Amino acid sequence: MPSRETTLPRWISRNSEVAFRDFVGFFERHRRAVPFTDAHRCFEEFRGVITAGTSGVLTLETYRELGVRQSLFDVEQRTTLFELFGRYERWLAEHGLFEPNVIAHAWARHATPSYDFIAIDEVQDLTPAQLQLVLRCLVTPGAFVLAGDGNQVVHPNFFSWAKVKTLFWHGLANATDREVAILRVSYRNAPEVTRVANAVLALKHARFGSIDRESNTLLDEKTRRSTEVAVVVLRDEDKIEARRHFRTPLVFSVLESKGLEYENVILFRVVSTERRL
């Protein structure tokens with residue numbers, strides 16, 4: 001239990017965290033300025049790269065110096081995106097919205113030891129900035145447990161266990177020698193479900209052809225009359241194409257699907273739509 005109560009600043013209580021649907025409205029008004037990207041990738045870059053680090057929001061110089069595996073875009077594109085990020089910050093203030101990473105940076109400077117022990121599940125949903133804030137509230141550094149799955153990232157935060165370990169190597173929470181346990185056996189699903197899941201993960205590193213129309217037709221006959229079959233697409237904008245093939249209201253983006261359970265799930269073009277990457 002915390003040793004003292006903490007309250008949010010008044011300006012936060014009056015505002016709301018920016019959601020992707022809010023961001024889409026902003027992005028559409030500036031789409032011509034960044035023709036090389038879409039709303040989802042842009043949002044992921046802002047939240048998972050530019051604002052996500054533990055040292056604060058990146059400067060243009062630091063952002064341009066990132067390695068090719070640390071950003072979705074090349075150096076020149078980053079310059080353009082950083083200009084758009086400045087407009088994004090002003091838009092947030094004008095519309096009473098806030099970016100959670102920026103709030104985490106502000107609070108980290110004022111964090112005081114409050115919790116005896118911290119347990120975080122689904123840690124892959126947090127950015128380094130957010131994780132840093134939480135762990136700085138420990139009374140006893142190192143008194144924590146983190147659990148998560150790097151293959152279940154649905155929020156735009158560029159999560160990796162390597163980033164988490166880097167926080168520890170830099171002295172956060174006195175955890176340089178913490179034990180890391182890897183779950184190698186799944187007790188949650190049947191062996192066949194686990195095998196299929198692992199096969200899907202392997203596709204992240206290979207090209208995958210589109211589903212043909214004939215296969216879609218056969219699937220559609222089964223899905224449109226069933227409440228036990230859901231269709232999952234990568235992003236909101238992919239729903240339009242999915243609904244051309246599947247006459248079911250149960251079409252979700254990956255972000256929306258988190259926590260839902262259906263007897264059968266169809267993954268619609270989640271790999272073939274990302275051939276370039």
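Biologist: Where is Gln124 found?
Modeller: The model is predicted: local features need pLDDT of at least 70, side-chain atom pairs count only at pLDDT 80 or more, and totals for chains, interfaces and linings use all residues. Residues are numbered from 1 along each chain as its sequence is written, and side-chain values use heavy atoms, with hydrogens and water left out. Helices (H or I, at least four residues) and strands (E, at least two) are DSSP runs, numbered from the N terminus. On this assignment, Gln124 is found in the loop between β3 (118-120) and α7 (128-135).

Biologist: Is Gln124 buried or exposed?
Modeller: Buried means under 20% relative accessible area, exposed over 50%, and partly exposed in between, with a 1.4 Å probe and protein chains only. The relative accessible area of Gln124 is 0%. Gln124 is therefore buried.

Biologist: Which side chain does a polar contact of 2.6 Å join to that of Gln124?
Modeller: A polar contact is a pair of N or O atoms within 3.5 Å; within protein, one must be able to donate a hydrogen and the other to accept it, and residues adjacent in sequence count only if both atoms are side-chain atoms. A polar atom of the Gln124 side chain also lies 3.0 Å from the backbone nitrogen of Asp149. The side chain joined to Gln124 at 2.6 Å is that of Glu122.

Biologist: What is phi of Glu122 near?
Modeller: Glu122 is found in the loop between β3 and α7, and its relative accessible area of 29% makes it partly exposed. Most residues other than glycine have a negative phi. Glu122 has a positive value, near 55°.

Biologist: Which side chain makes a polar contact with the side chain of Asn101?
Modeller: Asn101 lies in helix α6 (residues 100-108) and is buried, with a relative accessible area of 0%. Beyond four places in sequence, Asn101 touches residues including Arg47, Thr51, Ala52 and Gln130, where contact means heavy atoms within 4.5 Å. The polar contact, at 2.6 Å, is with the side chain of Thr127.

Biologist: At what angle do helix α3 and helix α5 pack?
Modeller: Axes are lines fitted to C-alpha atoms, for helices over the stretch in contact, and angles run from 0 to 180 degrees between N-to-C directions. Angles under 35 degrees count as roughly parallel, over 145 as roughly antiparallel, 65 to 115 as roughly perpendicular and the rest as oblique; α3 and α5 are therefore roughly perpendicular. The axes of α3 (residues 39-50) and α5 (residues 75-94) are 11 Å apart, and the angle is about 85°.

Biologist: How many nonpolar residues has the contact of α3 with α5?
Modeller: Cys42, Phe43, Glu45, Phe46 and Ile50 in α3 meet Leu81, Phe82, Leu84, Phe85 and Tyr88 in α5. Ala, Val, Leu, Ile, Met, Phe, Trp, Tyr, Cys and Pro count as nonpolar, Asp, Glu, Lys and Arg as charged, and the others, Gly among them, as polar. The contact has one charged residue and no polar residues, and its nonpolar residues number nine.

Biologist: How far apart in space are Ala33 and Leu84, C-alpha to C-alpha?
Modeller: Ala33 has its place in the loop between α2 (20-29) and α3 and counts as partly exposed, at 37% relative accessibility. Ala33 touches Thr80 and Arg87, not counting residues up to four places away in sequence. Ala33 and Leu84 are 51 residues apart in sequence, and their separation in space is 7.9 Å.
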